[in-house]
Amino acid sequence: MAKGIYIAGFDVFKDDAIQIGEKYKNICKNYGFKGYYPLDNVANGSNEIFKGNIGLINQSDIIVANLNDFRGQTMDDGTAFELGYGYASGKLLYGYIDSEDDMITKIGSKDKEGYNVEDFGKPINLMIAESVNIIEGDFEDCVKKLKRDLTK
């Protein structure tokens, strides 16, 4: 049976989210995986959405997450939660990002509110960077690398 991939990220907020999900699930299928997209669950209200997405993560072996900036200078917080839940559940974690430039290069030594920016040479907060296999590129680049890694 094909390994399941939970597709995490802020793409669910785009106007063409359903089409994006179908595209991503087809990419998963082309590489021998079964894709689970958050909008696959039929839910009404926030609690049902939450429980449905947790159920999809539980069915999956792997999480592939969009780590790009969303509504600010860092990744989507819902995606960060899903990765944390996946990590605690023993899931294999992969993520993709447009640029692996470190946070200091992207933001500077202080963010726009005056807080110090961590300087560990990572493109994202250390808690994500140390738990996720990060790929510079898009969703398909990430799934392709995942497939290569699993067939080594």
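Helices α1 and α6 run roughly parallel to each other (an angle under 35 degrees), because they pack at about 25°. Their axes, lines fitted to C-alpha atoms over the stretch in contact with angles from 0 to 180 degrees between N-to-C directions, lie 10 Å apart. Here α1 covers residues 17-30 and α6 covers residues 139-150, with helices taken as DSSP runs of H or I of at least four residues and strands as E runs of at least two, numbered from the N terminus. The crossing is right-handed, that is, the near helix is turned clockwise from the far one by less than a right angle.

Keep in mind that this is a predicted model, where local features need pLDDT of at least 70, side-chain atom pairs count only at pLDDT 80 or more, and totals for chains, interfaces and linings use all residues. Residues are numbered from 1 along each chain as its sequence is written, and side-chain values use heavy atoms, with hydrogens and water left out.

Next, look at the loop between β3 (62-66) and α3, where R71 sits. Its phi is near 55°, a positive value in a residue other than glycine. R71 is also exposed, at 70% relative accessible area (exposed means over 50%, with a 1.4 Å probe and protein chains only).

Terms used. Buried means under 20% relative accessible area, exposed over 50%, partly exposed in between (1.4 Å probe, protein chains only). Angles under 35 degrees count as roughly parallel, over 145 as roughly antiparallel, 65 to 115 as roughly perpendicular and the rest as oblique.
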